[in-house]
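Here are my notes for someone opening this one for the first time. Have a look at the picture, then read on.

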Amino acid sequence: MSANTILDFIDRIKITGLVMVDGKNIYEKGIRVDELRKQVGMVFQKPNPFPKSIYENVAFGLRVNGVKDKKVIDEKVEQSLVQAAIWDEVKDKLKKSAFELSGGQQQRLCIARALAIEPSMLLMDEPASALDPISTAKIEELIYELKKKYTIMIVTHNMQQAGRVSDYTAFFYMGELIEFDETKMMFTNPKNTRTQNYITGRFG
Amino acid sequence: MSHLENELQKLKSDALRMWKTVQTQLEKGKDALTNFDKDMAREIAAKEKRVNAYELKIDRDCENIFALFNPVAVDLRFVLAVLKINSNLERIGDIADGIARYVIDVDTRFSDELLKTTQVIEMFETANSIIQDAATAFENEDTKLARTIFKKDEKLDDINVNASYVIADFIKNHSDQVRESLHILSMIRKLERVGDQGKNIAEEIIFYIEAKVLKHRLEK
């Protein structure tokens with residue numbers, strides 16, 4: 001199982017071992033996938049806003065979950081865009097197409113979209129790898145802020161990014177979990193030789 | 001403020017807290033000596049553990065910053081400087097502890113005449129002033145202030161160079177104060193080393209702010 005496919009467990013691709021979200025095994029009978037999807041917000045490598053306005057991108061998840069009150073939707077859209085640190089840049093053009101935004105802005109819009117349904121955790125698949133350095137720095141600072149409120153799991157090949165933003169790091173190699181520890185321990189004194197060889201650049 | 005800036009700020013605050021602790025240790029050392037206060041001297045010896053704990057924490061924090069953030073340019077110089085200053089401060093803490101132990105060791109107070117003749121109190125005051133100036137220079141990134149430390153250190157060197165003759169003369173005329181005199185001589189040597197540590201700290205401050213290396217140069 002590659003690192004990326006740990007993010008696929010939502011789609012119930014078969015893996016070994018338990019996957020627990022908020023204390024529940026997601027492979028148990030009776031688990032409702034639609035409820036699970038509400039708990040877990042996803043952000044992908046390539047920004048993928050819907051072909052809609054900036055406003056509608058964020059409102060979409062709320063509408064699908066039955067929210068009809070415009071005032072509530074307006075508030076949640078603003079709150080989500082604020083949380084994603086993009087409100088000031090888009091507040092005067094909410095009706096404009098999301099495709100008019102830059103790559104970095106589109107990615108922050110996707111984060112706002114994920115936040116709108118108030119998930120308990122965010123899964124991000126290389127959220128900054130398609131972005132320029134300035135946008136990457138903004139996304140990392142955003143993750144650093146969001147982690148105060150949300151559990152965030154990021155897949156990244158950028159070790160330095162893992163060091164900068166995470167509290168815990170898991171190192172996977174050829175589908176196998178090699179080591180999991182506090183990030184500072186992983187980068188100062190990893191227990192496994194393979195981890196040490198990877199982070200020091202002796203392979204990979 | 002970015003994550004790295006937050007961490008650097010915390011590191012700076014921790015270093016200044018350690019500075020304050022070490023400064024207090026040295027100031028109390030002077031008081032313990034002048035007032036012949038053995039309780040205060042024992043307090044200094046007990047607090048030495050806190051100084052050591054600070055040193056370990058700051059070392060670890062520097063290591064984490066290097067590993068997690070790969071700082072470069074001024075940030076790299078800053079963390080390198082803090083790592084070295086940390087070590088210098090810990091040694092000053094050791095010196096304060098050593099001086100306190102001399103006070104604990106003797107049975108009779110050090111005479112005013114001995115303290116005045118040897119200028120040891122003056123050395124204490126200069127050493128404290130060096131540490132204070134270094135802390136202020138570090139906090140305010142003031143290399144001009146840092147440079148004033150080199151001159152102050154010379155005063156300590158002068159007293160130290162003459163100390164053997166001064167103490168030898170004193171002992172000739174005060175044979176009942178031999179032990180105390182020799183302890184004062186040891187304190188003078190230690191206070192001269194505080195000056196050296198202060199000089200090292202000033203060099204690190206100038207290095208991190210101006211990227212100039214002043215070590216091993218005659219002119220500062």
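1. Among contacts in chain A between residues at least 6 apart in sequence, what percentage join residues at least 24 apart? For chain A the figure is 60%. Keep in mind throughout that this is a predicted model.

2. On to the build of chain A. You'll find nine helices and seven strands there. Its radius of gyration comes out at 18 Å, close to the 17 Å from the globule rule for 204 residues, so chain A is as compact as a globular protein of that length. The C-alpha trace of chain A spans about 55 × 45 × 25 Å along its principal axes, and 28% of the 204 residues in chain A are buried.

3. Next, where the chains meet. Nine residues from chain A and eight residues from chain B make up the contact. On the chain A side, helix 6 (133-146), helix 7 (159-165) and helix 8 (183-188) each give two or more residues. Helix 8 of chain A supplies the largest share, four residues. By type, the chain A side that touches chain B has two nonpolar, four polar and three charged residues.

4. Helix 2 of chain B (residues 38-69) deserves a slow look. With 32 residues at 1.5 Å a residue, helix 2 of chain B should span 46 Å, and its end C-alpha atoms are 47 Å apart, which agrees. There's still a kink in helix 2 of chain B, about 30° and centred on Lys47(B).

5. Which residues of helix 2 of chain B are buried? Among them are Ala41(B), Ile44(B), Glu48(B), Val51(B), Tyr54(B), Ile58(B) and Cys62(B). An α-helix has 3.6 residues a turn, so residues three or four places apart point the same way. The buried residues of helix 2 of chain B pack against helix 1 (3-34) and helix 3 (73-105) of chain B, and also against helix 7 and helix 8 of chain A.

6. Last, the nonpolar cores. The largest has 62 residues, and Val22(B), Val82(B), Ala127(B), Ala134(B) and Ile205(B) have the most contacts inside it. Helix 8 of chain A is one of the elements giving two or more residues to this core, while the largest share, 13 residues, comes from helix 3 of chain B. Leaving out residues up to four places away in sequence, Val82(B) touches Leu11(B), Ala15(B), Ile58(B) and Cys62(B). A second, separate core of 32 residues includes Val43(A), Ala84(A), Ile111(A) and Val165(A).

Notes
Residues are numbered from 1 along each chain as its sequence is written. Chains are lettered from A and ligands numbered from 1 in the order in which they are written. This is a predicted model: local features need pLDDT of at least 70, side-chain atom pairs count only at pLDDT 80 or more; totals for chains, interfaces and linings use all residues. Two residues are in contact if their C-beta atoms, placed from the backbone, lie within 7 Å. Ala, Val, Leu, Ile, Met, Phe, Trp, Tyr, Cys and Pro count as nonpolar, Asp, Glu, Lys and Arg as charged, and the others, Gly among them, as polar. The expected span of a helix is 1.5 Å times one less than its number of residues. The bend at a residue is the angle between axes fitted to the seven residues ending there and the seven starting there. A residue is buried if 20 or more other C-beta atoms lie within 10 Å of its own, exposed if 12 or fewer, and partly exposed in between; C-beta atoms are placed from the backbone. The radius of gyration is taken over C-alpha atoms; the globule rule is 2.2 Å times the number of residues to the power 0.38. A nonpolar core is a set of buried Ala, Val, Leu, Ile, Met, Phe, Trp, Tyr and Cys residues joined through C-beta atoms within 7 Å.
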